[in-house]
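Q: I have not seen this structure before. Please take me through one part of it closely, and then say how that part sits within the rest.

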Amino acid sequence: MGQARPLRIFHSRLRTEEKLLAEAARRLDIPVLLEDVTDDAWGDPSRTLSGDVVLARCIAHGHNESLAAFLETRGARVMNPSAVMRLCGDKLATTLALERAGVPQPAYRVAFSVEGALAAADELGYPLVMKPVSGSWGRLLAKVNDRDAAEALVEHKEHLGGRHGLFYLQEYVDKAEGYDLRAFVVGGEPLCAIRRRSDHWITNTARGGRAENHPLDTTLETLLRQVQEALGGDFLAVDLFASARGWLVNEVNDSAEFRNSIEPTGVDIPGAVVRHAWSLAAAA
């Protein structure tokens, strides 16, 4: 391809995903640099990044978003852009963006007080799911089975303070087939999907969910393109529920782990990601 500037992968901890991305780049003859940015200092005005393409893969979402914004200010093309990270990092913002685009989702309610949250819970009906507006790996999700549980949980969240005082409640979608779906979109195009099965209602593979291939069909591909058009982004992981109303988009992740999805799908996910990143470098 001839570009002199290598693809840069910034990370705060070298996980399997970052190693796989670097290995894929080398396999594809794409020059690549893995850079631990944990202890770096940023802001030196002489430090420019014009023309660089960066995969920002820091563990902490807030750090990753801030780093991406800084890099963009200095001229780098970050994959995903900071605006997409900001959108995907806030579940309410994601929900509203998808709603504006007409993307089907589970029913939800938002409240700003204990009284509002309990009224919202009664309105949605039980069971329901209460989740923080930011976070990943299924942390701090709670399945609320009845009014008594709702009262206890809402009181605890109120005392936690901060953003926990923003109550986000979602319809509980029963996994009748015993799985939910995670699908990957790269460069605006659906790539592959896995079913995530678990005996627990939370099916994240990081928490023990089992992955198996789920072939994409036209309906799913159309929906995934709709999600990408609503949020933007170069590399998205879209979580979906099967329901009697069709597919419902649950959440969208902008910095997904994918190690457990390569073998069941047989798809070279890291290869697709670095190829797309390199195409951005060629276009810069």
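This is a predicted model: local features need pLDDT of at least 70, side-chain atom pairs count only at pLDDT 80 or more; totals for chains, interfaces and linings use all residues.

An open sheet of 4 strands is arranged in the order 2-1-3-4, and its pairing is parallel. Strand 2 (32-36) and strand 4 (77-79) are at the edges; each has a single partner strand, so one side of each lacks a neighbour in the sheet. From one strand to the next, the twist averages 25°.

In general, the strands of a sheet pair through backbone hydrogen bonds, in either a parallel or an antiparallel way. Within this sheet, strand 1 (residues 7-11) and strand 3 (residues 53-57) run parallel and are joined by 4 bridges.

Now the whole chain. Its secondary structure comes to 9 helices and 13 strands. Among contacts between residues at least 6 apart in sequence, 67% join residues at least 24 apart. The C-alpha atoms fill a box of roughly 60 × 45 × 35 Å along the principal axes. Of the 284 residues in the chain, 47% are buried. The chain exposes about 12,900 Å², of which carbon and sulfur atoms supply 49%.

Definitions and conventions:
Residues are numbered from 1 along each chain as its sequence is written. Side-chain values use heavy atoms; hydrogens and water are left out. Two strands pair if DSSP finds at least two bridges between them. Helices (H or I, at least four residues) and strands (E, at least two) are DSSP runs, numbered from the N terminus. Axes are lines fitted to C-alpha atoms, for helices over the stretch in contact, and angles run from 0 to 180 degrees between N-to-C directions. Buried means under 20% relative accessible area, exposed over 50%, partly exposed in between (1.4 Å probe, protein chains only). Contact means heavy atoms within 4.5 Å. Accessible areas come from the Shrake-Rupley method with a 1.4 Å probe; for residues, only the protein chains shown count as cover.
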